[in-house]
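Good morning. I will go through one structure today, starting with the whole chain and then going to two places in it. Please have a look at it first.

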Amino acid sequence: MNHTTQLPDPRSARARNGAVTAAPDPARTRTRRRPTSTQWAAWGFLAPVTLYLALFYAYPLYRNIDLSLRNYTVRSFVQGDAPFTGLKNYRAVFDDPTFAPALLHTVVFTAVCLAFQYAIGLALAVFFNQHFRLSATLRALFLVPWLLPLIVSASTWSWMLNSDSGIVNAALHVMGIGPVNWLTSPSWSLTSVIIANIWIGVPFNLVVLHSGLQSIPAGLYEAAALDGAGAWRRFWSITFPLLRPVSAITLLLGLVYTLKVFDIIWIMTKGGPADSSTTFATWSYRLGFGNLLPAFGPGAAVGNLLVVAALVFGLVYVRVQRKQALS
């Protein structure tokens, strides 16, 4: 006698329970997962940017890290058989007597340039925000230092600060002041490159801060004036607080640009005399390319220290902005 066991039909069971659920169609599921034309277009626009970042940012950064971890010579740089040394190049940089002066000069150069560039740029932005006659023309003239090539600007300042034939010493002579060895004195070389870099960086701060001032409603100033607030009170109570986000990004970009300044210092003083104006940027170049026997590893290590410093300040900026957005 044959006993046939019949399994319950899942569809009938779901029907008896009052839950009629259609099984998903595999073909329809596969159709849904296919990228749409909009997604393909998005990937198409993203691909050039990704390729650009990989070729000109990620790969050079990787090569610089690899350089700092190996003992590269001219021969091994060409053949690619440099031995791995770990953190030996970084220890050599930290033990070098040039490290402490270069670190101090980098901090002083960056801090002083940022402070004066921002202060002068903000003052000019507030001044040109008054929309007086010829304000647009004068604002355009202030952009000239920013538009000039750095080699032209640095060469011009080298001529102006020349000890014998410079126009600055000529003006000091007219006022009864003796000549100053701006570029050849260890006491004045760092000051000279700071002055030149401030002159070059002010237009950038002017443009960004002036654009930020345009977004502040004029009605706030009118209401404050009706309440009896003076110019300084309006600035500290309205302009400066509302300009804080723009100021933060201006200072961050200025910090990154100032940390890597090389052209101006190298053309004007070459980091001298006696390393009195040497920064990490000029020291890295001198280690890697300024000697007959280049030290590629230590030079790359100094460059990586600059990258880490810029990255740290960038992360601090992102964290501060996130806190301000949540508050």
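This is a predicted model: local features need pLDDT of at least 70, side-chain atom pairs count only at pLDDT 80 or more; totals for chains, interfaces and linings use all residues.

The protein chain has 17 helices and zero strands. Of its 327 residues, 32% are buried. If we take the contacts with a separation of 6 or more, 64% of them are between residues 24 or more positions apart.

Helix α16 covers residues 280-289 and helix α17 covers residues 296-326. Their axes are 7 Å apart, and the helices pack at an angle of about 160°. Angles over 145 degrees count as roughly antiparallel, so α16 is roughly antiparallel to α17. The crossing of the two is left-handed. On the α16 side, the residues in contact include Phe280, Trp283 and Leu287; on the α17 side, they include Phe296, Val302 and Leu306. Sorted by class, this contact has ten nonpolar residues, four polar ones and no charged ones.

Between α4 (74-79) and α5 (88-95) sits Pro83. Is Pro83 buried, exposed or partly exposed? Its relative accessible area is 46%, so Pro83 is partly exposed. Leaving aside residues up to four places away in sequence, Pro83 touches Leu69, Arg70 and Asn71. Tyr72 is eleven residues from Pro83 along the chain, and their C-alpha atoms are separated by 7.6 Å.

That is where I stop.

Note on methods. Residues are numbered from 1 along each chain as its sequence is written. Side-chain values use heavy atoms; hydrogens and water are left out. Helices (H or I, at least four residues) and strands (E, at least two) are DSSP runs, numbered from the N terminus. Buried means under 20% relative accessible area, exposed over 50%, partly exposed in between (1.4 Å probe, protein chains only). Contact means heavy atoms within 4.5 Å. Axes are lines fitted to C-alpha atoms, for helices over the stretch in contact, and angles run from 0 to 180 degrees between N-to-C directions. Angles under 35 degrees count as roughly parallel, over 145 as roughly antiparallel, 65 to 115 as roughly perpendicular and the rest as oblique. A crossing is left-handed if the near helix is turned anticlockwise from the far one by less than a right angle, and right-handed if clockwise. Ala, Val, Leu, Ile, Met, Phe, Trp, Tyr, Cys and Pro count as nonpolar, Asp, Glu, Lys and Arg as charged, and the others, Gly among them, as polar.
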